[in-house]
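The sequence and structure are shown first.

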Amino acid sequence: MDYQEENKTENKRTNKVRRSFRRIMRIVIVLLVLGGGAFIYGRYYFVFGSGVKAGTLNYVVKKGYIFKTYEGVLIMEGFRTGNQGALQSNQFVFSVDDANLADSLMRLGGRHVELRYNEYLGALPWRGYSNFVVDEILSVK
């Protein structure tokens, strides 16, 4: 074989290696994007749990530096003890992402309410500081 034929053969091998590398990189990038999307969905948008909490509504406030969110505290009956001999009230700290619902809750401070909530694995800054997001008032006494 002469030099030109060797050079053509080498170029073909190099081009095959480049195409294979590009194909592998595209597959890796697609897998990373899909994996990242699945992680973000599972962490911040998948509803991990939902339920109802009842107690005396302490307060609901609108606060935040950049994202103004509604945060509240519900005091439930009973006591939780962290250490032996200590008493602590059982509080449910939550966020509200609906402005109309938050406005209704602001007017119910000090009353006994039942709230339906969704629990997420992570909090988003525009949804609130808590992993628990209240989405409905079930009853007011």
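## Positive patch

K12, K16, R18, R19, R22, R23 and R26 together form a positive surface patch. Patches consist of residues with over 30% relative accessible area and no salt bridge, like charges being joined within 9 Å and nonpolar side chains (Val, Leu, Ile, Met, Phe, Trp, Tyr) within 5 Å. Lys and Arg count as positive and Asp and Glu as negative, while His and the chain ends are not counted. K16 belongs to helix α1, residues 3-45. With a relative accessible area of 53%, K16 is exposed; buried means under 20%, exposed over 50% and partly exposed in between (1.4 Å probe, protein chains only).

## Model and fold

The model is predicted, with pLDDT of at least 70 needed for local features and 80 or more for side-chain atom pairs, whereas totals for chains, interfaces and linings use all residues. Residues are numbered from 1 along each chain as its sequence is written, and side-chain values use heavy atoms, leaving out hydrogens and water.

The chain contains 2 helices and 5 strands, in the sequence order α-β-β-β-α-β-β. Helices (H or I, at least four residues) and strands (E, at least two) are DSSP runs, numbered from the N terminus. Of the 141 residues, 23% count as buried.

## Nonpolar patch

A nonpolar surface patch of about 1500 Å² includes F39, Y45, F67, L121 and W126. Helix α1 supplies the largest share of the nonpolar patch, 4 residues. L121 sits in the loop between β4 and β5 and is partly exposed, at 37% relative accessibility.

## Salt bridges

There are 2 salt bridges in the structure, each defined by a side-chain nitrogen of Lys or Arg within 4 Å of a carboxyl oxygen of Asp or Glu. D103 and R107 pair at 2.3 Å, N to O. D103 is partly exposed at 35% relative accessible area, whereas R107 is exposed at 61%.

In the salt bridge between R116 and E136, the closest N and O atoms are 3.3 Å apart. This pair links distant parts of the chain, with R116 in strand β4 and E136 in strand β5, 20 residues apart. R116 is partly exposed at 34% relative accessible area, and E136 is partly exposed at 34%.

## A buried serine

S130 lies in the loop between β4 (112-120) and β5 (132-140) and is buried, with a relative accessible area of 10%. The S130 side chain reaches the backbone oxygen of V93 at 3.1 Å and the backbone nitrogen of F132 at 3.0 Å.

Technical notes
Areas by Shrake-Rupley, 256 points an atom, 1.4 Å probe, with all protein chains shown as cover. Charge placed at Lys NZ, Arg CZ, Asp CG, Glu CD. Polar contact = N/O pair within 3.5 Å; in protein donor to acceptor, adjacent residues only side chain to side chain.
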